[in-house]
Amino acid sequence: MRRVPESAEVARKLVRAALAAWGQEDLIEDAVLVITELVSNAVNHARLESIRVVVTRPSEKFVRLGVVDRSRTMPHMRTDSNGDNTRGRGLLLVDALTDRWGTDRYRWGKQVWGEMRCEPVPERDHLDP
């Protein structure tokens, strides 16, 4: 997708659809905040005009939200209180809302991701006709 601020809305729709399909509706509210921050960071700091949003299930217990970009600059979590400046603290939110997060570095760029623990999906009763 294009690396523009409006891409965050497309990413939120993707996350909502994937989580609903996986029966993880309870994660949607926090997950859309996480993907918004990850996309925002890529929009602000990546080099080329495109980014890739990734929503996967690396295991039965986790959902992974990630944004891939072509910049090799590693993100860092700001903890300073730089006055009233509210910019630059998105990774604090990612850290608070995910069970774990990190960055996978590639030769040509990176993926910044956050993982959220899934709720077990109840088994459905099957009725024989």
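Colleague: Which residues does serine 71 contact, leaving aside its neighbours within four places in sequence?

Modeller: In this predicted model, serine 71 is in contact with His45, Ala46, Arg47, Trp108, Gly109 and Lys110. Serine 71 itself sits in the loop between strand 2 and helix 3.

Colleague: Why does serine 71 count as buried?

Modeller: Its relative accessibility is 3%, and buried means under 20%, so serine 71 qualifies.

Colleague: Moving to leucine 91, where is it, and what makes it buried or exposed?

Modeller: Leucine 91 belongs to helix 3. Its relative accessible area is 4%, and the cut-off for buried is under 20%, so leucine 91 is buried.

Colleague: What does leucine 91 touch once neighbours within four places are set aside?

Modeller: Asn41, Pro75, His76, Met77 and Trp101. For proline 75, the C-alpha separation from leucine 91 is 8.3 Å, and the two are 16 residues apart along the chain.

Colleague: And arginine 100, what makes that one "partly exposed"?

Modeller: Arginine 100 has a relative accessible area of 41%. Buried needs under 20% and exposed needs over 50%, so 41% falls in between and arginine 100 is partly exposed. You'll find arginine 100 in strand 3, residues 100-106.

Colleague: Which residues are in contact with arginine 100, sequence neighbours within four places aside?

Modeller: Phe62, Trp113, Gly114 and Glu115. As for methionine 116, its C-alpha atom is separated from that of arginine 100 by 7.2 Å, with the pair 16 residues apart along the chain.

Colleague: Why is valine 112 called buried?

Modeller: The value is 9% relative accessible area, and buried means under 20%, so valine 112 passes. Valine 112 lies in strand 4 and touches Leu38, Leu65, Gly66, Val67, Pro75, Gly102 and Thr103, not counting residues up to four places away. The C-alpha atoms of valine 112 and methionine 74, 38 residues apart in the chain, are 8.8 Å from each other.

Colleague: How do you know that the length of helix 2 agrees with what its residues should span?

Modeller: At 1.5 Å a residue, its 18 residues should span 26 Å. The end C-alpha atoms are 26 Å apart, so the two figures agree.

Colleague: How do helix 1 and helix 2 meet, in angle and axis distance?

Modeller: The axes of helix 1 (residues 7-21) and helix 2 (residues 28-45) come within 9 Å and cross at roughly 145 degrees. The crossing is right-handed. Helix 1 brings Ser7, Ala8, Ala11, Arg12, Val15, Arg16, Leu19 and Ala20 to the contact, and helix 2 brings Ile28, Ala31, Val32, Ile35, Thr36 and Val39. By type, these residues divide into 10 nonpolar, two polar and two charged.

Colleague: Which elements do the buried residues of helix 2 pack against?

Modeller: Helix 1, strand 1 (52-59), strand 2 (62-69), helix 3 (90-97) and strand 4 (109-117). The buried residues in question are Ile28, Ala31, Val32, Val34, Ile35, Leu38, Val39, Ala42 and Val43.

Colleague: How many residues are in the largest nonpolar core, and which have the most contacts inside it?

Modeller: The core has 26 residues, and Val15, Ile35, Val39, Leu65 and Val67 have the most contacts inside it. Helix 1, helix 2, strand 1, strand 2, helix 3 and strand 4 each supply at least two residues of this core. The largest share, nine residues, is from helix 2.

Colleague: What does valine 15 touch, skipping residues up to four places away in sequence?

Modeller: Valine 15 touches Ala31, Val32, Ile35, Val55 and Leu65. As a general point, nonpolar side chains tend to be buried together in soluble globular proteins.

Conventions
Residues numbered from 1 in each chain as written. Predicted model: local features only at pLDDT ≥ 70, side-chain atom pairs only at ≥ 80, totals over all residues. Heavy atoms only, no water. Axes fitted to C-alpha atoms, helices over the stretch in contact; angles between N-to-C directions. Helix = DSSP H or I, 4+ residues; strand = E, 2+ residues; numbered from the N terminus. Left-handed = near helix turned anticlockwise from the far one by under 90°. Contact = heavy atoms within 4.5 Å. Nonpolar A, V, L, I, M, F, W, Y, C, P; charged D, E, K, R; others polar. Expected span 1.5 Å × (residues − 1). Buried < 20%, exposed > 50% of the residue type's maximum accessible area, 1.4 Å probe, protein only. Core = buried A, V, L, I, M, F, W, Y, C linked by side-chain atoms within 4.5 Å.
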